[in-house]
Amino acid sequence: MNFSVHSFLAFLGFIGYTNLVKDKFINRITSRIEELGKSVMESIDGLGAISLFGARFFYWVRKKPFRVSLVFEQLFFIGNKSLMIILLSGMFTGMVMATQTYFGFKLINVDSLVGVIVALSLSKELAPVLTGLIVAGRAGSAMAAQIGSMKVTEQIDALEVMGINSIQYLAVPRIIASTFALPMLSVVFLFIGNFGSWLVGTKSLMIDESMFFSKLGEFMFVADIAQGVIKAMVFGFIIALIGTYFGFQVEKGAVGVGRGTNLAVVWGMISVLILDYFLTSFLVKIL
Amino acid sequence: MLTFDNPAISLKNVTKKFGDHVILNDLSFDIPRNKITTILGFSGAGKSTLLKHILGIIEPTSGKVFVLGQDLSMLSKVELREFRRNFGMLFQYAALFDSFTAEENVAFPLKEFTKLSEAEIAKKVKDLLLSVGIKEESFKKLPSELSGGMRKRVGLARGLALSPGIMLYDEPTTGLDPITTKMVNELIVETATNHKDREMTSVIISHDVKATLEISDYVAFLDRGKIIEYLPVEEFKKSTNPLVQEFLRL
């Protein structure tokens, strides 16, 4: 009898415990779903706000005065100051691609195609995408940090009080410069990447040099380079749009500047990768 | 409440709400021309919001703001931007462009809005910087290389570059040591005095009672979005309003 009562109580306790665990589990799942939903809604809000910011860019880009010197200043900042890192990344990307492709292609005796495969990969994908990621990390973050710190130190208010539109003065030159700097950097990446591929392919892996170049001439077209250049332009535009947008959103001092910079890099990089798919789908049909 | 003929700035029944939160509550008052008027108030009283209304940066929920006789609500955004050139402003922390030197900061509005030659701009910049007590050896220094007081002087020179009719000072002495505070006060008075030949209205937003009472012609006290006292400075010192009394004792 005593045993049965204890067993019964233990059973009730077990049921209660399992219900408690079940409730906790359901609560945790529900809160995760809520968090996910909130993130999705915030992302949609963010996309909407960035689109509106883009519309404001297109409004102000047509308005006088055109500050050409500021565009060149930003071209120098984005282009020239990113050059070294692009040269290094391009060179080693080309070298790695050539090495990896060579060992795969050697198995089926098509190692003479290494040069053209690397060149096609670089021109259509790797050069614009990697350049985009590098610029998002370097220049996109810098744009958010510069504008963000100007906002928290009232420098943007000072511009507005003087009657200067801050989007026209700060965002427009950066976005124009980035839209033109990225294709140039991407072409540099492409050439230096191919140089790396040639160096490793012909000097280290002993691919016949005349075959290397003849296959390049046979399978590589201007449209392949154009595809990369168009992508790079779009990436340049979107990276600067995002960088400047998050700069203008900065609030709450240094912490806000850090947060804005972080968001600019994350959104910039993700946008490059997502846009790459849609651009590829579109460009392969028209080029 | 004080009223003036042909005031520099006039607010008529201005209310500003952010959601349900009322920042300015049916505010009506005039700021006279060619005088130094200070708007005092505790933090969160609505001083900065009031300043932004005067500048036309934010629009009132209801009511009207007139500056130099112009109803700001009648101006388009482009006209409003141009109209803002009537204002000069000294920000709380000077808000100098940190990538520009002292002289580039002062030259900036001249390059943007005038057709002066480089030589004329250089001369005007030099005159302005010297007039606020910046020595030539500091002209090429970046804001980060200047002391707080010097930054304020350069900020004032930049604010005066376009010879504004109204000079706004946002908490000009906050965070400064007593000597620099005295210097900034003297500078505000000198600026107002030196421009008496033409029009120079000075509006100071502050919670620094001591500094305010030394230099103002008129003092208004803003509390919870309303002006609860507005008097010439000598009468303000004798105000019987308990909140003003409390503030004066601080």
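**Close-up views of a predicted two-chain model**

**View 1. Chain B matches the globule rule.** For a chain of 250 residues, a compact globule would have a radius of gyration near 18 Å, and chain B comes out at 18 Å, which agrees. Keep in mind that this is a predicted model. Taken along the principal axes, the C-alpha atoms of chain B fill a box of roughly 50 × 45 × 35 Å. Chain B is built with 9 helices and 10 strands, and 41% of its 250 residues count as buried. Take the contacts in chain B between residues at least 6 apart in sequence: 69% of them join residues at least 24 apart. How confident is the predictor here? The mean pLDDT of chain B is 88, with 98% of its residues at 70 or more. For the model, the scores are ipTM 0.85 and pTM 0.84.

**View 2. Helix H5 of chain B is mostly covered.** This helix runs over residues 148–160, so count along and you get 13 residues. From first C-alpha to last it reaches 18 Å, close to the 18 Å expected at 1.5 Å a residue. How many of the residues of H5(B) are buried? That would be 11 of its 13. Among them are B:Met150, B:Arg151, B:Val154, B:Ala157 and B:Leu160. And what do these buried residues pack against? Their partners in chain B are strands E6 (87–90) and E7 (166–170), plus helices H3 (102–113), H4 (118–131) and H6 (178–194).

**View 3. B:Val106 sits in the largest nonpolar core.** This core has 129 residues, and the members touching the most others are B:Val106, B:Ala157 and B:Ala220. Its largest share, 19 residues, comes from helix H4 (residues 114–152) of chain A. Now zoom in on B:Val106 and skip its neighbours within four places in sequence. Its contacts are then B:Val125, B:Leu128, B:Leu129, B:Val154, B:Ala157, B:Arg158 and B:Ala161. Two of those names, B:Val154 and B:Ala157, also turn up among the buried residues of H5(B).

View 4. Along its principal axes, the C-alpha trace of chain A spans about 95 × 70 × 35 Å. Buried residues make up 40% of the 287 in chain A. Among contacts in chain A between residues at least 6 apart in sequence, 89% join residues at least 24 apart.

**View 5. A:Ser123 lies in helix H4 of chain A.** Is A:Ser123 buried or exposed? It's buried, because 28 other C-beta atoms lie within 10 Å, and 20 or more is what it takes to count as buried. Leaving out residues up to four places away in sequence, A:Ser123 touches A:Leu190, A:Asp224, A:Ile225 and A:Gly228. For a sense of scale, look over to A:Arg56: A:Ser123 and A:Arg56 are 67 residues apart in sequence and 32 Å apart in space, C-alpha to C-alpha.

How values were computed:
Residues numbered from 1 in each chain as written. Chains lettered and ligands numbered in written order. Predicted model: local features only at pLDDT ≥ 70, side-chain atom pairs only at ≥ 80, totals over all residues. pLDDT = per-residue confidence, 0-100. Helix = DSSP H or I, 4+ residues; strand = E, 2+ residues; numbered from the N terminus. Expected span 1.5 Å × (residues − 1). Buried ≥ 20, exposed ≤ 12 C-beta atoms within 10 Å, placed from the backbone. Contact = placed C-beta atoms within 7 Å. Core = buried A, V, L, I, M, F, W, Y, C linked by C-beta atoms within 7 Å. Rg over C-alpha atoms; globule rule 2.2 N^0.38 Å.
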